[in-house]
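Please take a moment to look over the sequence and the fold before reading on. The paragraphs below then lead through them step by step.

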Amino acid sequence: SNEVDNQVAAATTNEVFGSPSAYKLWETCGSTTSTDGIASDFPVEYNPNAAKTAHSAWNKYIVSLAPLQDLTRRIPQLQSVLMILRGNLQSIVFESWSEALCTELLYVRPALRPNDLHIRTARIMEKFGVSADS
């Protein structure tokens with residue numbers, strides 16, 4: 001029975017998250033030097049569709065965990081954790097702009113193109129009253 005449970009868990013994990021290579025949403029080569037001579041860690045090949053697919057599967061999986069929903073009735077503090085995992089950040093209070101940015105990138109916008117990161121960063125910093133110049 002334990003072996004069957006392990007097989008089901010492995011199959012579910014693979015279905016939700018894909019193969020280990022699915023985590024390679026983009027490949028970087030940290031030793032790459034850009035045209036201006038500065039080493040960069042930007043993606044060599046960025047695949048936003050892979051990120052969107054993994055994110056969608058993650059959301060479906062979190063929503064489908066009925067026992068977890070039942071547990072939140074017993075431990076109400078878990079509800080805010082689930083909200084973050086689902087990408088529902090409207091009622092979450094963050095202590096810093098960097099915390100808000102990291103949470104948004106992980107759970108709301110995992111497919112954000114690296115070239116657009118500065119736009120999201122500036123908007124979140126502005127919400128926290130922080131100047132991008134400082």
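Within how many Å do the axes of helix 5 and helix 6 come, and at roughly what angle do they cross? Two packed helices are described by the angle between their axes and by the distance between those axes. In this predicted model, the axes of helix 5, residues 97-107, and helix 6, residues 117-127, come within 9 Å and cross at roughly 135 degrees. That angle makes helix 5 oblique to helix 6, because angles over 145 degrees would be needed to count as roughly antiparallel. The crossing of the two helices is right-handed.

Turning to the side of each helix that takes part, Trp97, Ala100, Leu101, Glu104 and Leu105 of helix 5 meet Leu117, Arg120, Thr121, Ile124 and Met125 of helix 6.

Leu89 lies in the loop between helix 4 (78-86) and helix 5, and Leu89 counts as buried because its relative accessibility is 15%, where buried means under 20%. If its neighbours within four places in sequence are left aside, Leu89 is in contact with Ile84, Phe94, Thr103, Glu104 and Val108. One of these, Thr103, is 14 residues from Leu89 in sequence, while the C-alpha atoms of the two are 8.6 Å apart in space.

Within helix 2, the residues Ala51, His55, Ala57, Asn59 and Ile62 are buried.

Terms used. Residues are numbered from 1 along each chain as its sequence is written. This is a predicted model: local features need pLDDT of at least 70, side-chain atom pairs count only at pLDDT 80 or more; totals for chains, interfaces and linings use all residues. Side-chain values use heavy atoms; hydrogens and water are left out. Axes are lines fitted to C-alpha atoms, for helices over the stretch in contact, and angles run from 0 to 180 degrees between N-to-C directions. Helices (H or I, at least four residues) and strands (E, at least two) are DSSP runs, numbered from the N terminus. Angles under 35 degrees count as roughly parallel, over 145 as roughly antiparallel, 65 to 115 as roughly perpendicular and the rest as oblique. A crossing is left-handed if the near helix is turned anticlockwise from the far one by less than a right angle, and right-handed if clockwise. Contact means heavy atoms within 4.5 Å. Buried means under 20% relative accessible area, exposed over 50%, partly exposed in between (1.4 Å probe, protein chains only).
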